[in-house]
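Here is a short note for a colleague who is opening this structure for the first time. Please read the points with the model on screen.

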Amino acid sequence: MTSSPPIVIVGAGVLGLCTAFELQRRGHAVRVVDPGGPNASLVAAGMIAPAMESAIDAVSVAHARLFRAGRGLWPAFAEAAGVKLSARPSEWRGGDMDAIASRLAALGFEARLEAGRLVTDEDLQVEPMQAMGALSAHLGDAVIPGRVIGMAQEGDGWMVRLEDESLQASAVVLATGAAAAIEGSPPAASALVQAIQPIRGQIGVVGRALAAHVVRGPGAYVAPMGEGAVIGATMEPGRRDTAPDPAAGERLMEAAWRVLGGAPEPLEIQWRGGVRGASPDGLPLAGPAPDGERLFLALAPRRNGWLLGPLVGAVVADAIEGRTSTYARALDPGRF
Ligand SMILES: Cc1cc2nc3c(=O)[nH]c(=O)nc-3n(C[C@H](O)[C@H](O)[C@H](O)COP(=O)(O)OP(=O)(O)OC[C@H]3O[C@@H](n4cnc5c(N)ncnc54)[C@H](O)[C@@H]3O)c2cc1C
């Protein structure tokens, strides 16, 4: 008996790993190819934040519903994958409190005023390093170190070319973040990948706790991370460079100390940069590529890759299985 070739997922950021894990737990054979090294997913603060992200970006009711659905999948997904999920309050501090409060209320998120701060229990957090480690451990040998340098349609599937080997695939999922299109991908899929807007983000890692839970305000947030904290994050559209930028760090620090209500004792801060990919409407491209049989996209979640990872994984897995899911249309790569 011959079994069909695996589904090859290109890219092991949060979207690639969540999609691969979802497919694997539905019984599909998968391979995930990634050269390794830092990516946006590892740099992130890991906030699963439908409420605060909706309020800050003043998103539509439909987008907020999708964000809430993304969060809704997390508890069961985290349990299955061994990802540690923290349920702690998140708060907003700052002069524009009324605007944030009324946006949250208009979008149906619960929030309350506590000691002059706006607090919600709607948001969660993961630690990206732990989460990616847990997902990778489940996938085990299915994760192959390497870079995909070309692909070609072959029979009912694809031949995926790495630097020193080729993989036969029954389907391919492109989860390559903000990277360039892969040679051999069909024209409409390539055009979508090329149109992804890079948005650089800088974040500072601190070895000591600065807040017991996520604290946000104008221009910065502070979030717990391990025994310490992260200070985030810039949004710099059009930039793909990841080296720390001292001026951006300075601005973030000033905003963070304003949010916290004062500068802590001198701190050692390790600055890191990552590049988020964004589609024109800020929602991911998840589902079948507009051209190319058995080719799927899991791309461009902007600043909500962690929030939307399990949802993107489920939508892509449904598409591969020929099923339609509730959010397939909103995330359809062919919607533009
Ligand atoms: C500073 C910062 C803070 C953030 N905080 C949050 C947060 O709190 N909550 C949240 O939800 N989101 C957050 N985000 C956004 C989130 O990190 C991104 O939306 C998400 O990581 C994107 O995941 P991805 O899988 O699409 O891309 P990536 O994480 O960039 O992964 C893409 C992968 O594809 C691989 N790849 C590319 N080309 C190839 C190829 N040819 N062959 C093989 N592999 C390839 C790369 O090596 C990479 O590993 C933050 C982002 C930044 C930068």
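**Notes on the model**

1. G82 follows α4, and its phi is positive, near 75 degrees. Helices (H or I, at least four residues) and strands (E, at least two) are DSSP runs, numbered from the N terminus. Residue numbers start from 1 along each chain as its sequence is written. The model is predicted, so local features need pLDDT of at least 70 and side-chain atom pairs count only at pLDDT 80 or more, while totals for chains, interfaces and linings use all residues.

2. Buried residues of α4 include H63, L66, F67, G70, W74 and F77. Buried means 20 or more other C-beta atoms within 10 Å of a residue's own, exposed means 12 or fewer, and partly exposed lies in between; C-beta atoms are placed from the backbone.

3. The chain is assigned domain 1 (7-41 + 131-195 + 280-335) and domain 2 (197-278). These bounds come from an automatic or database domain assignment. The contact takes nine residues from domain 1 and eight from domain 2. Contact means C-beta atoms, placed from the backbone, within 7 Å.

4. The ligand is surrounded by 39 residues, and the closest are G11, G13, G177, G201 and G305. A residue counts as near if its C-beta atom, placed from the backbone, lies within 6 Å. Domain 1 and domain 2 each give at least three residues to this shell. Elements that each supply at least two include α1 (14-25), β14 (197-206) and α9 (305-320).

5. Two residues other than glycine deserve a look. R294 has a positive phi of about 55 degrees. R294 sits in the loop between β20 (285-288) and β21 (295-299). R294 is partly exposed, with 18 other C-beta atoms within 10 Å. A300 has a positive phi near 60 degrees. A300 lies in the loop between β21 and α9. A300 is buried, with 28 other C-beta atoms within 10 Å.

Key. Two residues are in contact if their C-beta atoms, placed from the backbone, lie within 7 Å.
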